[in-house]
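Q: I am new to this structure and would like to go through it with you. Could we take it piece by piece?
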Amino acid sequence: MAVKVLIPTPLQKFTNNQATLECDGGTIVELLNALESACPGIKARLCDDAGELRRFINFYVNSEDIRFLDGKDTALSDGDEVSIVPAVAGG
Amino acid sequence: MTQSIERSLATTPTFSALKCRECGETYDLGAKHVCEECFGPLEVAYDYDAIRRRVTRSTIQAGPLSIWRYKDFLPVSTDSPIDVGTGMTPLVRANRLARQLGLKELYIKNDAVNMPTLSFKDRVVSVALTRAQELGFTTVSCASTGNLANSTAAIAAHAGLDCCVFIPSDLEAGKVLGTLIYNPTLMAVQGNYDQVNRLCSEVANTHGWGFVNINLRPYYSEGSKTLGFEVAEQLGWRLPDHIVAPLASGSLFTKIYKGFQEFVKVGLVDDKPVRFSGAQAEGCSPIAQAFKEGRDFVTPVKPSTIAKSIAIGNPADGIYALDIARKTNGNIEAVTDAEIVAGMKLLAETEGIFTETAGGTTIAVLKKLVEAGKINPDESTVVYITGNGLKTQEAVQGYIGEPFVIEPKLDSFERALERSRTLDRLEWQQVPV
């Protein structure tokens with residue numbers, strides 16, 4: 001299941017400065033594991049010690065926040081685009 | 001070379017690094033807003049001993065009549081910041097509104113008349129664009145619900161910076177026009193604010209622009225502290241007992257708190273407990289919901305309210321706002337769109353201040369808290385009004401009166417006057433029903 005992942009600047013040092021990656025995974029959890037094998041160290045930045053996604057980071061699947069879907073169990077299909085975006089201030 | 005030496009000399013006394021609010025990791029003073037370790041927000045770290053040595057009440061009072069009288073508390077090193085008269089807005093003693101609500105000491109901090117674009121955003125943008133110039137940016141940008149767009153476009157025009165602004169495409173006409181007049185590049189995104197934000201995070205990664213609320217956020221957000229500083233100074237160098245402010249991302253609320261704390265820390269005011277209460281619109285109330293349910297995390301929502309300027313479904317500083325409301329014994333409440341319109345009318349009719357929907361939200365929440373016994377009538381209470389009603393005229397269209405159209409003749413006027421008095425009487429008679 002090939003999924004396109006958009007990597008934010010602070011994580012691009014794990015991806016050889018690539019802003020996008022192709023990865024496999026049927027869910028967000030599987031995708032995180034695939035990312036970790038491709039870019040060792042990246043998962044610890046995205047998840048806390050308990051393995052939960054850090055609260056200041058947002059995951060979107062095809063523009064939808066995964067908190068409106070099934071969280072880290074959100075299913076992924078071939079060709080989906082996953083964006084990883086840090087929280088932003090408003091107004 | 002000389003320039004960089006001068007810059008570092010000027011910089012060292014009051015601020016020296018960016019620091020992660022979550023894990024404490026420190027970074028250089030660049031255009032960066034999230035911690036690379038834990039994604040927590042970065043904040044500017046100050047040397048408060050240096051500030052204490054340098055600043056007194058009289059040095060502040062001798063400063064400009066703008067936010068730059070507090071320059072030592074702001075993260076810029078230049079001696080000539082962008083000063084378009086931002087800040088030092090009126091703190092109005094609101095006796096008529098107070099009487100109507102049954103309060104004894106109520107003040108309105110009126111940023112509906114902030115300069116140059118009539119909202120509190122001019123404070124944060126003045127700081128952000130001054131810092132953007134120091135960091136060498138020539139193009140500035142923002143993701144905005146309207147007020148920030150107006151402010152960024154206007155102050156960029158004044159400073160001669162290129163400007164590209166992103167807004168949701170369904171904004172009020174006044175906010176779109178009030179941005180376009182300054183001739184920025186304006187992108188109206190078909191989506192809600194949170195989607196605009198997400199897009200901008202991706203643009204900020206790739207285009208090397210200074211986004212005031214993204215990569216310049218640690219500097220930008222500090223500008224809101226001046227809303228705390230000014231209130232303390234205008235109250236005669238003392239803190240109020242209770243403040244009520246609108247909550248969108250939660251940043252303004254936390255920075256007013258920080259402003260008060262800093263004044264205490266450097267000895268400009270006496271320490272005392274200040275209660276912090278926040279206002280949201282029911283159609284976008286993720287922080288109020290978390291407060292009510294006793295949660296320490298904020299679940300994002302999809303906004304649906306007339307209060308578009310505060311319609312942020314995924315508030316970045318929501319958890320900090322929650323924490324402050326709880327630890328200061330304050331509250332966070334939400335009100336309906338109908339209550340928001342009533343709040344706008346109430347403030348206009350009692351105090352002569354025409355605020356936008358965010359201000360209507362704040363007044364409606366003030367009223368709700370008073371009625372629920374959550375504001376003590378003896379507390380000195382300051383309400384923050386952060387935007388101007390002329391920008392959101394659609395919201396009250398149809399809920400206010402209409403002019404009496406008359407002929408240019410005395411008897412036509414007399415008949416209309418009689419009719420208006422009858423209407424007044426009818427309205428008055430309806431009240432007890």
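Q: Which strands and helices do the buried residues of H14(B) pack against?
A: This is a predicted model. In it, the buried residues of H14(B) pack against strands E4 (91-93), E5 (105-110), E11 (275-281) and E12 (332-335) and against helices H4 (95-101) and H15 (357-371), which belong to chain B.

Q: And which residues of H14(B) are buried?
A: They are Glu339(B), Ile340(B), Val341(B), Gly343(B), Met344(B), Leu347(B) and Glu351(B).

Q: How far does that helix reach from its first C-alpha to its last?
A: Helix H14 of chain B covers residues 337-351, 15 residues, and reaches 21 Å, close to the 21 Å expected at 1.5 Å a residue. Gly352(B) follows H14(B) and has a positive phi, near 70°.

Q: At what angle do H14(B) and H15(B) pack?
A: The angle is about 90°, and the axes are 7 Å apart. H14(B) is therefore roughly perpendicular to H15(B).

Q: Which residues make that contact?
A: From H14(B) come Glu339(B), Ile340(B), Val341(B), Ala342(B), Gly343(B), Met344(B), Leu346(B) and Leu347(B). H15(B) contributes Thr357(B), Gly359(B), Gly360(B), Thr361(B), Ile363(B), Ala364(B) and Lys367(B). By class, the contact of H14(B) with H15(B) has 8 nonpolar, 5 polar and 2 charged residues.

Q: Changing topic: how many residues does each chain bring to the contact between chain A and chain B?
A: Chain B gives 36 residues and chain A gives 23 residues. On the side of chain B that touches chain A, helix H6 (147-159) and helix H8 (193-207) each supply at least two residues. H8(B) has the largest share of that side, with 8 residues.

Q: How do the residues on that side of chain B divide by class?
A: There are 14 nonpolar, 15 polar and 7 charged residues on the side of chain B that touches chain A.

Q: Staying with H6(B), how does it cross H5(B)?
A: Helix H5 of chain B covers residues 121-134, and its axis comes within 9 Å of that of H6(B), crossing at roughly 45°. The two helices, H5(B) and H6(B), are therefore oblique to each other. Their crossing is right-handed.

Q: Who makes the contact there?
A: On H5(B), the residues are Lys121(B), Asp122(B), Val125(B), Ser126(B), Leu129(B) and Gln133(B). On H6(B), they are Asn147(B), Leu148(B), Ser151(B), Thr152(B), Ile155(B), Ala156(B) and Ala159(B). The contact of H5(B) with H6(B) comprises 6 nonpolar, 5 polar and 2 charged residues.

Q: What about H6(B) and H7(B): at what angle do they pack?
A: H7 of chain B is a helix of residues 173-180, and H6(B) packs with H7(B) at an angle of about 15°, with the axes 8 Å apart. H6(B) and H7(B) are therefore roughly parallel. H6(B) passes H7(B) in a left-handed crossing. Ala149(B), Asn150(B) and Ala153(B) of H6(B) meet Lys175(B), Gly178(B) and Thr179(B) of H7(B) in this contact.

Q: On to H10(B): how many of its residues are buried?
A: Helix H10 of chain B, residues 225-234, is mostly covered, with 9 of its 10 residues buried. Among them are Leu227(B), Phe229(B) and Val231(B), and also Lys225(B) and Glu233(B). The buried residues of H10(B) pack against several elements of chain B, including helix H3 (57-61), helix H11 (251-265) and strand E13 (380-385). Just after H10(B), Gly236(B) has a positive phi of about 85°.

Q: Which residues does the cis peptide bond join?
A: It joins Met115(B) and Pro116(B), with omega about 5°. Pro116(B) is in the loop between E5 and H5 of chain B.

Q: Where is Leu118(B), and is it buried or exposed?
A: Leu118(B) is also placed in the loop between E5 and H5 of chain B. It counts as buried because it has 23 C-beta neighbours inside 10 Å. Although Leu118(B) is not a glycine, its phi is positive, about 65°.

Q: And Asn183(B): buried or exposed?
A: Asn183(B) is exposed, because 11 other C-beta atoms lie within 10 Å. Asn183(B) sits in the loop between H7 and strand E8 (185-189) of chain B, and its phi is positive, near 60°.

Note on methods:
Residues numbered from 1 in each chain as written. Chains lettered and ligands numbered in written order. Predicted model: local features only at pLDDT ≥ 70, side-chain atom pairs only at ≥ 80, totals over all residues. Contact = placed C-beta atoms within 7 Å. Helix = DSSP H or I, 4+ residues; strand = E, 2+ residues; numbered from the N terminus. Nonpolar A, V, L, I, M, F, W, Y, C, P; charged D, E, K, R; others polar. Axes fitted to C-alpha atoms, helices over the stretch in contact; angles between N-to-C directions. Parallel < 35°, antiparallel > 145°, perpendicular 65-115°, else oblique. Left-handed = near helix turned anticlockwise from the far one by under 90°. Expected span 1.5 Å × (residues − 1). Buried ≥ 20, exposed ≤ 12 C-beta atoms within 10 Å, placed from the backbone.
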